[in-house]
Amino acid sequence: MKKAALHNLGCKVNAYETEAMQQMLQQNGYEIVDFTDKADVYIINTCTVTNIADRKSRQMLHKAKKMNPDAVVVATGCYAQASKEQVELDNCVDIIVGNNKKKDIVTILNEFESNKELEYVIDINHTAEYEELELESSLEHTRAIIKVQDGCNQFCSYCIIPFARGRVRSRQIDHVIKEVEKLAQKGFQEVVLTGIHLSSYGVDLEGEDLLSLIVAVNQVDGIKRIRLGSLEPRIITEKFAKTLSEMEKICPHFHLSLQSGCDETLKRMNRRYSAEEYYEKCCLLRKYFDMPAITTDVIVGFPGETEEEFAVTKEYVKKVNFFEMHVFKYSKRQGTKAAAMENQVDEQIKGTRSEQLLTITKEQSKEYLNKQIGRDLEVLIEEKTTIDGVEYYVGHSKEYIKCAVSSDENLENKIVQCVGAERIGHNVILAEMKNIK
């Protein structure tokens, strides 16, 4: 029996695709082993969102070949797609698999045995085909990620992803529902709908959009919670927020990409909304949900970002008051408009600005968690673990707050009603259990 090891780099979409490839390999007789073990095949699902991601992708490819020089090393994912010519020159890589060919991984490995010169990278920018992958199980035991969309039409000036993933392609709703039903039968209680640009779901389908997809998933028996991946702020309309608030299964955890709180910077980024529009969307969510967890991404040091522009962003994020911010230092990506812009910001300045925003988000997270003390929290228990020498059952609330619960009963994969008691550590709420839902 051949042994295969897979390693995922990057976003939830990559994670879904990696699990799907692993499932296909198992179904075709491969034994899946840990990536640190000796294997016959190593598959690295690469990422290219930053220069650091590129470097990590190369490092993992080299690590695989070093662990077993005779193994077949497969590079797939966004770095392999966007930088195909560079990857072709890497002696550690045997096969490059494009982003719309992962479903064929077993066939590709079989073909490679007889013809080592074949190429499996398509022109991703000229395909309208959605790559139909499906999970019947998940490495997680309680929550399943479901990819419903691929590609992006936005072309933000800093982003290479449209070149690595192509144009928007949406999965048919009935295909999504069939997968959700299978996962529900397997005992999964929560699904996470994700995509490269989730808010664009349905733009290529007649009469469908993200809201209609969510409504359909909400009707699947057995699924207790629906969590959404990253959203663009413009999808948050009065109808969208109100409809979601009327569904008990929806998790009030919304990741709205911001990138900058300064209008001038947003324009250079080609983000297509203003800071005021973004703030209005956050207010809409807070109108229809009681204390929703709003999280975001912010880029510091974008070309041309002055001290004054950064100061505007810094005050803006204080005004919005996020649960969490993911802070990124701008990374130049060749082939994007931003890479050719003047007034590139010094790395040391990026670091200083990043630290300032990280300090703000740490305080905002602390404030949000403190407000959970005394509040009712619905927690999906994921595992039993030890915190500060004490055993707890640990899971996440609908707001994606990490909660620890004491119990003599096995609570794994159960939803429990709790009351927030106290904060332990930086980001964990000790919760007192009321009952099992």
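**Entry 1: helix α8**

I started with helix α8, whose buried residues pack against β6, α7 (173-185), β8, β9 (225-228) and α9 (238-245). Before going further I noted the ground rules: this is a predicted model, in which local features need pLDDT of at least 70 and side-chain atom pairs count only at pLDDT 80 or more, while totals for chains, interfaces and linings use all residues. Residues are numbered from 1 along each chain as its sequence is written, and side-chain values use heavy atoms, with hydrogens and water left out.

My helices (H or I, at least four residues) and strands (E, at least two) are DSSP runs, numbered from the N terminus. Buried means under 20% relative accessible area, exposed over 50%, and partly exposed in between (1.4 Å probe, protein chains only). Contact, for me, is heavy atoms within 4.5 Å.

How many of the nine residues of α8 (residues 210-218) are buried? I found seven, so I wrote the helix down as mostly covered. The buried ones are Leu 210, Leu 211, Leu 213, Ile 214, Ala 216, Val 217 and Asn 218.

I also looked at the start of α8, where a side-chain oxygen of Asp 209 comes to within 3.3 Å of the backbone nitrogen of Leu 211.

**Entry 2: the sheet beside it**

Next I looked up the strands. β7, β6, β8 and β9 form an open sheet, in the order β7-β6-β8-β9, with mixed pairing. β7 (169-170) and β9 are the edge strands with a single partner each, so one side of each has no neighbour in the sheet. I count two strands as paired if DSSP finds at least two bridges between them.

Between β6 and β8 the pairing is parallel and runs over six bridges. One bridge I noted joins Ala 144 to Val 191 in β8.

**Entry 3: salt bridges**

A salt bridge here is a side-chain nitrogen of Lys or Arg within 4 Å of a carboxyl oxygen of Asp or Glu. I get 31 salt bridges by this rule.

Glu 190 sits in strand β8 (residues 190-195) and Arg 143 in strand β6 (residues 143-150), so the link spans distant parts of the chain, 47 residues apart. Buried or exposed, I asked of Glu 190? Glu 190 is buried, at 0% relative accessibility, and Arg 143 is buried too, with a relative accessible area of 4%.

Then I went to Glu 17, whose side chain meets that of Lys 102 in a salt bridge of 2.4 Å, N to O. Why does this pair tie together parts that are 85 residues apart in sequence? Because Glu 17 lies in helix α1 (residues 12-27), whereas Lys 102 is in the loop between β5 (95-97) and α5 (105-114). Both Glu 17 and Lys 102 are buried.

Asp 94 is in the loop between α4 (84-88) and β5, and Lys 65 in helix α2 (residues 51-67), another link between distant parts of the chain, at 29 residues apart. Asp 94 is partly exposed, with a relative accessible area of 30%, whereas Lys 65 is buried at 15%.

I also wrote down a network of salt bridges linking Glu 17, Lys 102, Lys 147, Asp 150, Arg 165 and Arg 169.

**Entry 4: Glu 309**

Glu 309 was my next stop, in helix α12 (residues 307-320). Glu 309 is buried, at 11% relative accessibility.

For polar contacts I took pairs of N or O atoms within 3.5 Å; within protein, one must be able to donate a hydrogen and the other to accept it, and residues adjacent in sequence count only if both atoms are side-chain atoms. The side chain of Glu 309 makes one of 3.0 Å with that of Thr 265 and one of 2.8 Å with that of Arg 268. Leaving aside neighbours within four places in sequence, Glu 309 is in contact with Cys 262, Glu 264, Thr 265, Arg 268 and Gly 304.

**Entry 5: the whole protein**

The protein has 13 helices and 17 strands, and 56% of its 437 residues count as buried. Among contacts with a separation of 6 or more, 73% join residues 24 or more positions apart.
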